[in-house]
Amino acid sequence: MKKMFRQLAVILALLVIAFCLVGCDALDEMREAHAVYTSMDPPFAIAYKDATYKALQCPQIADKGIMWAEWRVFVTKPDVPVLLSQQVGTRFGIDSEEKFLTNYGEIVYVREDVYDAAVAELKLEDPFTEFQLRWIDEDHRSQSYTLTEEEEDIIRGILAEEPLRDDDSYYIEDSKTLIFRSETGLFYQEEHTIVKKAEGYFIQTYDYNEKGGNYFFPAKGEAADLLAELIAK
Amino acid sequence: MVKKLLKYELYAYTRTLLPVYAILLGISVLCRFVQFFENDHVSYGILFWSSVIALIITVIACIGMTVGYGIVRFYKNLFSLEGYLSFTLPVTPTAHLIAKTLGQFIFCAAAVAVSLVSVAIATAGEVLVELFRAGFWLIGEFFENCGGHAAFYTLVALLLLVIIVGYFYLMCCACISVGQTAKKNRILKAFGAYFVWYLITQAVGTVGIIVFAIFGEIGLLEAIARVIENYPFEFVHVLMVGAFIIAAAISAMFFFISHRIMSRRLNLE
């Protein structure tokens, strides 16, 4: 009888240990989405995934635009448990490179290692320096590719040509978004789309001025090959 | 004498409900075991959610069976053939009622406790730790926001829970007792008694709504809204204590009805 109880106790103890060691994917996902305010007084700061994000006032948001953001981070006070972070926390957007946290107010939280560069960009009249390709992958995550200097030259060459006016977007076979952005990615402007149609490859842009409408910049030869390569990413 | 009656009540409950609790704990272990194989495949999702649904259904069944068994036991023990034995004991109807009500309280609490243990087993590990953290944080926020009122709210809420269990059980006992006064179709008459009580509560509720609407037209609702705005904590105190007093009074009424029928109008088969 004693031996049986001892064996039962050992089995129960092993079960308890085993149960405690097994993790939970859903909990891990919630932890990935949880950030905390490290400072509730100025200067404000947020801690997210072992990085600190410092607050930066960006009053020129209306003029320059702000980077793309996925709304998947919830910021709470430090004492809030992770299970309640999505109910109690403030939803923030984060860019695909995880450099910026924003809820589209005037304050953007910039990762510490990029902070000085972002402050410098804020002072520039024209901070836009590079083209970046952006798309959503199969896991619904935002992906990006920064074009090289040669590729940028080819893109600028395409955009320098005379565009074709065409409102017919039904026959687009494939497309990816192309943005013109600052080096850190804090600002972006002039969103274009690389499109593949039956007639070939184009860069599409929409004219928001008086004329309005879709404009297609045709690509030929080496430029078309580049657009094909970018669309295939 | 109530102690002895209660002892046998608890024996009867244990004999019937212990296997149910064991099944509930077994399903929670199974639910936790399934999580060892966590992955993104659809088959794991089907297995996991099936185990969770099975656990939820078993928890509901466990609590439902505890309540149902208490009511059935009241009927069988006092108004069926067993009643001939029960009423020959040197025990007053009051003692019978108290023992049965206490037995129901204890095993409702046990059913809830076993359900919580089963949830703890099913979430054992990191999730359980986070659940406790979340629970303590919420309690902390509650005490921080309500200050000194929080302790009183907690106490009254616990008393309300107890009185609601007693209210429901004594209501069923009263309906069964009323049903027993019939010569035939006693169960049907018991349902009829419950239906009459339901109609009465609905009628009172409707009259209350009409009165409230009339008050609204003469501006009394705005006055009540101002009181709530200026004294929110006190208003909740009044509501909770008022609900407790009303529930206790109605429970006492049901107790009296059952007692009266058992002592003056007993009509065994």
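Chain A contains seven helices and 14 strands. Helices here are DSSP runs of H or I with at least four residues, strands are runs of E with at least two, and both are numbered from the N terminus. The model is predicted, so local features need pLDDT of at least 70 and side-chain atom pairs count only at pLDDT 80 or more, while totals for chains, interfaces and linings use all residues. Residues are numbered from 1 along each chain as its sequence is written, chains are lettered from A and ligands numbered from 1 in the order in which they are written, and side-chain values use heavy atoms, with hydrogens and water left out.

Of the 233 residues in chain A, 43% are buried. Buried means under 20% relative accessible area, exposed means over 50%, and partly exposed lies in between (1.4 Å probe, protein chains only). The accessible surface of chain A is about 13,500 Å². Carbon and sulfur atoms hold 53% of that surface. Areas follow the Shrake-Rupley method with a 1.4 Å probe; for residues, only the protein chains shown count as cover. Among contacts in chain A with a separation of 6 or more, 62% join residues 24 or more positions apart. A contact means heavy atoms within 4.5 Å.

Helix 6 of chain A covers residues 149–160. Its 12 residues reach 16 Å from first to last C-alpha, close to the 16 Å expected at 1.5 Å a residue. The expected span is 1.5 Å times one less than the number of residues. The buried residues of this helix are A:Glu151, A:Glu152, A:Ile155 and A:Ile158. They fall within an arc of 120 degrees seen down the axis of helix 6 of chain A, so they line one face of the helix. The arc is that of the directions from the helix axis to the C-beta atoms. On the other side of helix 6 of chain A, A:Glu149, A:Glu150, A:Asp153 and A:Ala160 are exposed. The buried residues pack against several elements of chain A, including strand 8 (128–136), strand 11 (172–182) and helix 7 (222–231).

The structure holds 15 salt bridges over all chains. A salt bridge is a side-chain nitrogen of Lys or Arg within 4 Å of a carboxyl oxygen of Asp or Glu. One of them joins A:Lys49 and A:Glu32 (3.7 Å, N to O). A:Lys49 lies in the loop between strand 2 (45–48) and strand 3 (51–57) of chain A and A:Glu32 in helix 2 (residues 25–32), so the pair ties together parts that are 17 residues apart in sequence. A:Lys49 is partly exposed, at 40% relative accessibility. A:Glu32 is also partly exposed, at 37%.

A:Glu97 and A:Arg181 meet in a salt bridge at 3.5 Å, N to O. This pair links distant parts of the chain, 84 residues apart. A:Glu97 sits in the loop between strand 5 (90–94) and strand 6 (100–102) of chain A, and A:Arg181 in strand 11. A:Glu97 is partly exposed at 27% relative accessibility, whereas A:Arg181 is buried at 5%.

In chain B, B:Lys100 forms a salt bridge with B:Glu9, with the closest N and O atoms 2.5 Å apart. B:Lys100 lies in helix 4 (residues 93–122) and B:Glu9 in helix 1 (residues 2–34) of chain B, so the pair ties together parts that are 91 residues apart in sequence. Both B:Lys100 and B:Glu9 are buried. A network of salt bridges links A:Asp28, A:Arg31, B:Glu126, B:Glu130 and B:Arg133.

A nonpolar surface patch occurs in chain B. Its members are B:Val207, B:Ile210, B:Val211, B:Phe212, B:Ile214, B:Phe215, B:Ile218, B:Leu220 and B:Leu221, with about 780 Å² of accessible area together. Patches are made of residues with over 30% relative accessible area and no salt bridge; like charges are joined within 9 Å, nonpolar side chains (Val, Leu, Ile, Met, Phe, Trp, Tyr) within 5 Å. Helix 7 (186–217) and helix 8 (220–230) of chain B each supply at least two residues. Helix 7 gives the most, with six. B:Val211 is placed in helix 7 of chain B and is partly exposed, at 34% relative accessibility.

Most residues other than glycine have a negative phi. A:Asp50 has a positive phi of about 65 degrees. A:Asp50 lies in the loop between strand 2 and strand 3 of chain A and is exposed, at 88% relative accessibility. For B:Asn185, phi is positive and near 55 degrees. B:Asn185 lies in the loop between helix 6 and helix 7 of chain B and is exposed at 53%.
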